[in-house]
Amino acid sequence: MSRSAAKNLIERYFRQLTDGCGNDDCDNEFCASCRRFRPLDKNAAAVRALELFKANAKLCRLKTSPAESDLQLLDLKEDFGDIHHLTDNTVCMILSVCEEERDYSALIRVIGRVFSNANALIRSFRKDDPDSSKQKDGSSEQPGTSDEVTVDIDSVRRFYERVQTIEQVESALVNALINLTPNVELDLEYLEAYETIPDYLNIFVILMENGNLHSPEYLDVALPQLCKSMSKLPVAALTRLSKLWSKYELPRIRRIMETFQQLITYTVVSRDYDGEHLVNDDDTVVAACKCLKVVFYASLVGGDVDTEHNDDDGDSEATDSDELSLHELLGEERLYKKGPEVDLLEKELGVRPIDSRKPLIAFEDFVNESLSDVVEMDKDFTFFKVDAETKFSFQTCPFVLNVFTKNQGLYYDNRIRMYSERRLTALYGMVQGQQPSPYLKLKVRRDHIIDDALVRLEMVSLENPSDLKKQLFVEFEGEQGVDEGGVSKEFFQLVLEEIFNPDIGMFAYDNDTRLFWFNSSSLENEAQYTLVGIVLGLAIYNNCILDVHFPMVVYRKLMGKKGTFPDLLDSHPVLYQSLKELLNYGGDVEADMALTFRICLADLFGNPVFYDLKAKAEDIPVSRENRQEFVDLYTDYILNTSVERQFRAFKKGFLMVTSESPMKYLFRPEEVELLICGSRKLDFEALEKTVEYDGGYTKDTQIVKDFWQTLHSFGEEQKRLFLQFTTGTDRAPVGGLGKLKMIITKNGSDSDRLPTSHTCFNVLLLPEYSSKQKLRERLLKAITYAQGFGML
C-alpha cells in the first residue's frame with residue numbers, strides 16, 4: 001500500500017475514534033458513536049488509530065457531506081492504480097471504499113491486474129513486510145533455504161472469503177488466470193524461473209487456495225492452463241508444494257484433490273478417444289494427473305507413514321539368467337527392463353506408497369474410473385516400457401487407475417515375456433541344434449500331485465529358472481484335457497489344497513481368523529517354501545486366481561516391508577489385543593503383570609518353548625518405561641524373526657517368477673492380494689449383464705431366463721460351486737464378476753445330459769431343458785460332482 005493510501009486509512013480510524021460515525025445505533029466498539037465506547041484524548045486516539053490500522057479493525061461508514069465524501073473517494077481511487085500487489089490492509093482498504101461507493105469496479109480492476117501478473121502475485125500476501133525494500137525483487141531474505149513458503153496462507157484465505165461473494169469477482173479471477181498461466185508456463189519451461197526466484201512457487205500456493213477452481217467457469221480453459229503450468233515446476237518445487245499441502249486440514253487437501261479429479265473426469269467424458277486419439281495425448285488429462293500426483297504424495301506424507309522396517313534384501317536373491325544379454329543382442333533391452341526409474345518426487349520426499357499405513361485421503365479416492373475406462377493398456381504399456389522419454393504413461397501415476405486396468409498392464413507384460421521366452425527357445429534351438437520346449441510343461445498324477453509338481457518345479461528352479469517365465473501347460477496323466485487355462489486353474493487349486501493341509505504342518509491355520517500363517521516349528525526344508533512361493537508367482541504370471549488365505553502382512557512383506565505391531569490386528573488378533581492392553585494399562589505394569597523380556601510360545605507339538613527378546617531377558621521386567629520396546633520386540637519376533645527362514649525361502653520362490661514384473665511398482669499389498677486371490681464378493685447381477693450367448697440362445701430365450709432365475713435362487717455355497725464348475729475358480733476376477741467374459745451356448749435340445757463347461761474359455765454348454773425344474777436338478781448335479789476331465 002502506498003504511503004498516501006495508508007495515511008488516509010489511519011485518518012479514518014482517527015476520525016472514527018474521536019468524532020464517531022454519526023450512527024446512534026452503532027455497535028462498533030472502536031467507534032465513538034458506540035454507547036460502550038470510552039472517550040480518548042487526541043494523543044491516545046492517534047496511537048489507537050495506528051493499532052487499528054495494523055489489525056485491520058472494523059471501519060464504520062462515516063457520515064460526511066457529499067462533497068467531502070466524493071473528495072475522499074477520489075483521493076483513494078487515484079491510489080488504486082499504484083497497488084501492484086495485495087495484502088490484508090490493501091484488500092480491507094479497497095473493500096471499505098468500494099462498499100461506501102457501492103461500486104466494486106475498482107476492486108475488480110485491482111484483482112485483474114494483480115492476478116494476471118506473476119511478479120505481483122509473488123509479492124502478494126507475504127508473511128514478511130510486503131513494502132520492505134528487501135522484498136521488492138520478489139524473493140525472501142534467504143530464498144529457497146527452507147521448505148516453507150513465504151505466503152501468509154491465512155491472509156490468502158481471508159481474501160477469497162471476502163471477495164468471492166461479490167458479483168463479477170469470479171469472472172475477473174478466471175480471466176486473470178487465463179492471462180497469467182501461459183506466461184508462467186513459458187517462464188518455468190524456458191527461463192527456469194523457479195531456480196532464479198524460489199518464491200515463484202507462491203503463485204501456485206495462492207491460486208490453489210481458490211475454492212471455486214472446480215466450478216464450470218474454470219474447467220474449460222483456466223484450470224487446464226493452471227495444471228499445465230504447474231506440471232512444469234521442477235521436482236524441488238513440487239516437493240515443497242507436496243510438503244506444504246501435507247500439513248493442510250483434511251477438508252482443504254481433499255478439496256484440492258477433488259479439483260484435479262473433477263478436471264480429469266470432465267475432460268474425459270467430454271471428449272472421444274480411439275486408437276488414433278489416445279487419452280495419453282490429451283495435455284489436459286496428463287497435466288492434471290501430474291498435479292494429482294503432488295496431492296497423492298502429500299496425502300502419504302501427512303498420514304501415518306512407516307519409512308523404516310524395510311526388508312528389500314530378498315529382491316537380490318532372485319536368480320538372474322542370460323535373458324538380459326540376449327535381449328540386448330536382439331535390440332529389445334528396453335522392453336524387458338526390470339521396472340521404471342525411481343519416481344523423482346517419491347525419492348525427494350522419501351516416502352513410497354508401501355510406506356503408508358493410513359494416508360490422509362483413502363487410496364480409493366484417487367482412483368478415477370472414467371479415466372481407467374478409456375486408457376488403452378496395450379499402448380500405454382508400450383509407452384511405459386519403451387517410449388517413456390517421449391510419451392506419457394498412466395502407469396507412472398498408478399494411483400489414478402483401478403486394479404482391473406492395472407492388471408491389464410501386468411497381463412501384457414507377462415504375455416510379452418512369455419512370447420520372449422518362446423523366441424529365446426527358438427534361438428537356442430538354432431544355435432545348439434536342440435529342440436527345448438517353448439513352454440513350462442508339468443505332467444502330474446492326481447494322486448501324487450505334490451510330489452510330481454514340486455519335484456519338477458524344483459528341477460526347473462535349480463537348472464534354468466528362466467523357464468519359470470514361460471507359459472504354463474499342465475497335463476493330468478491319463479486325462480485328455482488340453483490346457484488352454486482351465487487345467488492350470490484346477491492344478492493350482494489341487495496343489496494348494498495339499499500344501500495348506502494342516503496335517504502337513506507347513507502353515508498353521510487359525511480357526512478364528514480363518515487365515516494361514518507360517519509354522520515357525522515346521523519340519524519342512526526351505527526348498528519346500530521356495531516352491532510354494534513359485535506356485536504363487538506362477539499363478540499371477542499365468543493369470544490364475546488362487547484360493548489362498550493369508551493375512552495382509554504376508555503381502556506387505558512380499559512388497560519389501562517387515563511386519564510391525566499394527567499387522568498383528570488381522571494376523572494374530574488375540575495377541576494384538578493383549579499387547580494393546582499392555583500399552584494402555586494405567587496401573588503398575590511391573591508389579592501387576594509380572595512380565596519379563598522372556599516369552600513363552602508353543603511348538604508344533606504343543607510343548608512350551610521360551611525365547612529371549614534381548615540379552616538377560618529373564619532378569620529384565622517389563623515396566624511402564626520399557627513396555628513399548630517389549631511390544632516392538634515381541635511383534636518383530638512373531639512376524640519376522642521366528643519365521644525368517646520360511647518366509648525368506650517363500651519370497652525367493654515368488655521373486656523367481658515376478659522379480660522383473662512391474663507388479664511392485666503398480667500395486668499396493670491389498671491389490672496384490674486381489675491379483676492372487678480374486679474377490680470373494682460375487683455379484684451375479686453384474687455377471688448377467690455382461691454374459692454373451694451363442695448357438696441360438698439370447699437373453700430372451702426361455703431356458704436362459706429360467707437359468708438366471710435358478711442361479712439367483714442358489715445359496716452362497718451353490719453359487720461358488722457353479723463358478724468353480726464354469727471358470728475353474730470360485731473367486732471373482734479383479735474388477736468383479738462384471739469383468740468376467742462368460743459365454744452360455746446351446747448344447748442340443750432337451751435331454752438327460754448334464755450341463756458341461758470349458759473352464760479355459762469360461763463357456764457353459766447348456767442343453768435346452770424342457771422345464772425349469774429339470775434345469776435346476778441337472779445343473780445342481782453337474783456343479784456338485786464335477787471334477788476333472790472325462791467326467792461325462
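**View 1. A charge over a ring: R446 and F476.** In this predicted model, the charged end of R446 sits over the ring of F476, 4.2 Å from its centre.

**View 2. K557 and F647, and the aromatic cluster around them.** Here the charged end of K557 sits over the ring of F647, with 4.6 Å to the ring's centre. F647 also belongs to one aromatic cluster, together with F500, F507, Y509, F516, W517, F518, Y529, F550, Y555 and F650.

View 3. F125 lies in the loop between α6 (118-123) and α7 (153-163), while F159 is in helix α7, so the pair ties together parts that are 34 residues apart in sequence. Both F125 and F159 are buried. The rings of F647 and F650 make a tilted pair too, because their centres are 5.8 Å apart and their planes stand at 50°. F647 and F650 both lie in helix α29 (residues 644-658), three residues apart, or about one turn of the helix. F647 is buried, with a relative accessible area of 4%, and F650 counts as buried at 0%.

View 4. Four strands line up in the order β9-β10-β12-β11, with mixed pairing. Strands β9 (692-694) and β11 (756-758) stand at the edges with a single partner strand each, so one side of each has no neighbour in the sheet. From one strand to the next, the twist averages 25°. β9 pairs with β10 (residues 743-746) in the parallel sense over three bridges, and Y693 has I744 as its bridge partner in β10. Helix α33 (residues 702-713) lies across β9, β10 and β12 (763-766), running at about 115° to β12.

Key: Residues are numbered from 1 along each chain as its sequence is written. This is a predicted model: local features need pLDDT of at least 70, side-chain atom pairs count only at pLDDT 80 or more; totals for chains, interfaces and linings use all residues. Side-chain values use heavy atoms; hydrogens and water are left out. Two strands pair if DSSP finds at least two bridges between them. Helices (H or I, at least four residues) and strands (E, at least two) are DSSP runs, numbered from the N terminus. Axes are lines fitted to C-alpha atoms, for helices over the stretch in contact, and angles run from 0 to 180 degrees between N-to-C directions. Contact means heavy atoms within 4.5 Å. Buried means under 20% relative accessible area, exposed over 50%, partly exposed in between (1.4 Å probe, protein chains only). Rings of Phe, Tyr and Trp (its six-membered ring) pair if their centres lie within 6.5 Å; planes under 30 degrees apart count as stacked, over 60 as edge-to-face and the rest as tilted. A charge sits over a ring if NZ of Lys or CZ of Arg is within 6 Å of the ring centre and within 35 degrees of the ring normal.
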